[in-house]
Amino acid sequence: MRKVGIVGVGEYLPQRVLTNADLEKLVDTSDEWITTRTGIKERRLASGDEAVSDLAINAAKEALANAHLNPEELDLIIIATITPDMQFPSVASIVQNALSAKTAVAFDISAACAGFVYALSIAQQFIGLGTYKIALVVGAEKLSSVTDWQDRNTCVLFGDGAGACILKEVKSGGIISTYLGCDGSKLELLNLPAGGSRLPASHETVNARQHFLKMQGNELFKIAVKTMTDAAEKVLKQAGLKFSDVDLIIPHQANSRIIMAVGKRLGLSEDKIFLNIEKYGNMSSASTATALVEAVKEGRVKKGDIVLLDSFGAGLVWGACVIKW
Ligand code: UT7
């Protein structure tokens, strides 16, 4: 297998900021509750005429510029999303056309909050085997479009955004190991019931608010801590490394208490844990993606560093990845 590395990163966060104070006017909540229980202070919301592809295209353009590559050089585009523009065609087809990446194969994957790490792993296989040379991987979500703004249990948690990276063969470093997992026995903990072939859209589904995501947060919280800890241990063992070798862990940003509990179990000091949940909330596949992008932009990831991505979400699915930068 060829060595595969990330050679460019980009992100796009919509302009509109929704603060905890704004949410206090919508539902029975408080800045104090949201901050202490989740670590979130504000999140971004896409505008009415912005779809997920628009967020993805902007992030992709920045990543291409950062990698000094033209869209025509891409031969693979993978978009991780659970909030596509429409059921079909894929967001990836829309992005391929918008970028004029005419020769790129393009498809979406649905792996919720682990989607970005799943997509990285798929791209790594294709490039590693020599099937394709240059890949664009994007985690993009418009969760505000599936959020029930009357449900205080969920509406304070989510936001919109996109993070992108360009992958290609590298001489040294790159992705050392990936570890993916799924437990399909707990679908009820986080899902969006209607709008698919099980419950097509009808007046009844709309009236029953079944086109909004439903979550049993408390149960998910405990599983998230355990699963993300386990995934980090497994992927690091596969890489032949120890936690003392890790320079920065970049976890999925669902809840700062989950992240800190995982960090504690792994014996990582707080300065080795990347957090941006305060600004954006949980953006599902876009969370790990933008966290990686911002860690790079902020200089928290330097050449030669060992970076550990760790994600978990609806499915249940999880994915971890060790990269030598
Ligand atoms: O990204 C995919 C993976 N996602 C996750 O892993 C999410 C995991 N779950 C969580 O992050 C947390 O469970 C939540 C942030 C969703 C909830 O925090 P919690 O500490 O587990 O709270 P809870 O659900 O046990 O609720 C505690 C109380 C309840 O009131 P009672 O029953 O004790 O009177 C809720 O009704 O907090 C209440 N509550 C709120 N109060 C003010 C729930 N939401 C709110 C709110 N504002 N927004």
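In these legends a residue is called buried under 20% relative accessible area, exposed over 50% and partly exposed in between, with a 1.4 Å probe and protein chains only. The structure is a predicted model, in which local features need pLDDT of at least 70 and side-chain atom pairs count only at pLDDT 80 or more, while totals for chains, interfaces and linings use all residues. Residues are numbered from 1 along each chain as its sequence is written, and side-chain values use heavy atoms, with hydrogens and water left out.

**View 1. Gln124 in helix H5.** Gln124 lies in helix H5, where helices (H or I, at least four residues) and strands (E, at least two) are DSSP runs numbered from the N terminus. With a relative accessible area of 10%, Gln124 is buried. Apart from neighbours within four places in sequence, Gln124 is in contact with Met1, Val4, Ile175 and Thr178, contact meaning heavy atoms within 4.5 Å.

**View 2. The open sheet E8-E13-E12-E11.** Four strands form this open sheet in the order E8-E13-E12-E11, and the pairing is mixed; two strands pair if DSSP finds at least two bridges between them. Strand E8 (174–182) and strand E11 (248–251) stand at the edges with a single partner strand each, so one side of each is left without a neighbour in the sheet. Strand E12 (residues 306–313) and strand E13 (residues 317–324) pair in the antiparallel sense over 8 bridges, and Leu309 has Cys321 in E13 as its bridge partner.

**View 3. Helices packed on the sheet.** Helix H5 (residues 115–129) packs on the sheet and touches E8, E12 and E13, its direction making about 125 degrees with that of E8. Helix H11 (residues 285–297) also packs on the sheet, touching E11 and E12, and its direction makes about 150 degrees with that of E11. For these angles, axes are lines fitted to C-alpha atoms, for helices over the stretch in contact, and the values run from 0 to 180 degrees between N-to-C directions.

**View 4. The contact of H5 with H11.** H5 and H11 pack at an angle of about 70 degrees, with their axes 6 Å apart. That makes H5 roughly perpendicular to H11, a class that covers 65 to 115 degrees, whereas angles under 35 count as roughly parallel, over 145 as roughly antiparallel and the rest as oblique. Gly115, Phe116 and Val117 in H5 meet Ser285, Thr288, Ala289 and Leu292 in H11.
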